[in-house]
Amino acid sequence: MSFFIPAAMAQSAGGAAAPAGAGFEWIFLVGFVVIFYLMIWRPQAKRAKEHKNLLANLSNGDEVVTGGGILGKVKKVTDEFVVLEVTESQELKFQKGAIVAVLPKGTLKAI
């Protein structure tokens, strides 16, 4: 039955010394955190800030695109909703967060 239980290795009485590569693990961990910050967190925060500014600067007459791909001209802006004129006789109400981009003036000539 001794092949199921490995034999215990005796340690010296002087205490355990740190392995030669102990600092390398910390450097690797810090490097991983820096890469995570630079490649994931910072760009995402930048995009969120730009989107927040876009929504804060919406005004009547702006031509926008929604997340669903609907193009329209802003007719009314409230704190949480935006009314878009999709055609001359049709208006749709969206949450502000659904607005993805503001188009240059004159993009929607059919409206």
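Guide: Two strands are taken as paired if DSSP finds at least two bridges between them. The model is predicted. In it, five strands form an open sheet, with antiparallel pairing and the order E4-E3-E2-E1-E5. The edges are held by strand E4, residues 90-95, and strand E5, residues 99-103; each has a single partner strand, so one side of each lacks a neighbour in the sheet. On average, and with direction ignored, neighbouring strands of this sheet are turned by 45 degrees against each other. For E4, the pairing can be followed in detail: strand E3, residues 81-87, pairs with E4 in the antiparallel sense over six bridges. Within this region Leu-84 stands opposite Leu-92 in E4.

With a relative accessibility of 63%, Met-39 counts as exposed. Met-39 also belongs to a nonpolar surface patch whose members include Val-30, Phe-36, Tyr-37 and Trp-41, and the patch has about 930 Å² of accessible area together. Tyr-37 and Trp-41 both lie in helix H1, four residues apart, or about one turn of the helix. The count of aromatic pairs comes to one. The ring centres of Tyr-37 and Trp-41 are 5.5 Å apart and the planes stand at 70 degrees, so this pair is edge-to-face, the cut-off for that class being over 60 degrees. Tyr-37 counts as partly exposed at 37% relative accessibility, whereas Trp-41, at 54%, counts as exposed.

Terms used. Residues numbered from 1 in each chain as written. Predicted model: local features only at pLDDT ≥ 70, side-chain atom pairs only at ≥ 80, totals over all residues. Heavy atoms only, no water. Helix = DSSP H or I, 4+ residues; strand = E, 2+ residues; numbered from the N terminus. Axes fitted to C-alpha atoms, helices over the stretch in contact; angles between N-to-C directions. Patch = residues over 30% accessible without salt bridge, like charges linked within 9 Å, V, L, I, M, F, W, Y side chains within 5 Å. Areas by Shrake-Rupley, 256 points an atom, 1.4 Å probe, with all protein chains shown as cover. Salt bridge = Lys/Arg side-chain N within 4 Å of Asp/Glu carboxyl O. Buried < 20%, exposed > 50% of the residue type's maximum accessible area, 1.4 Å probe, protein only. Phe/Tyr/Trp six-rings, centres within 6.5 Å; stacked < 30°, edge-to-face > 60°.
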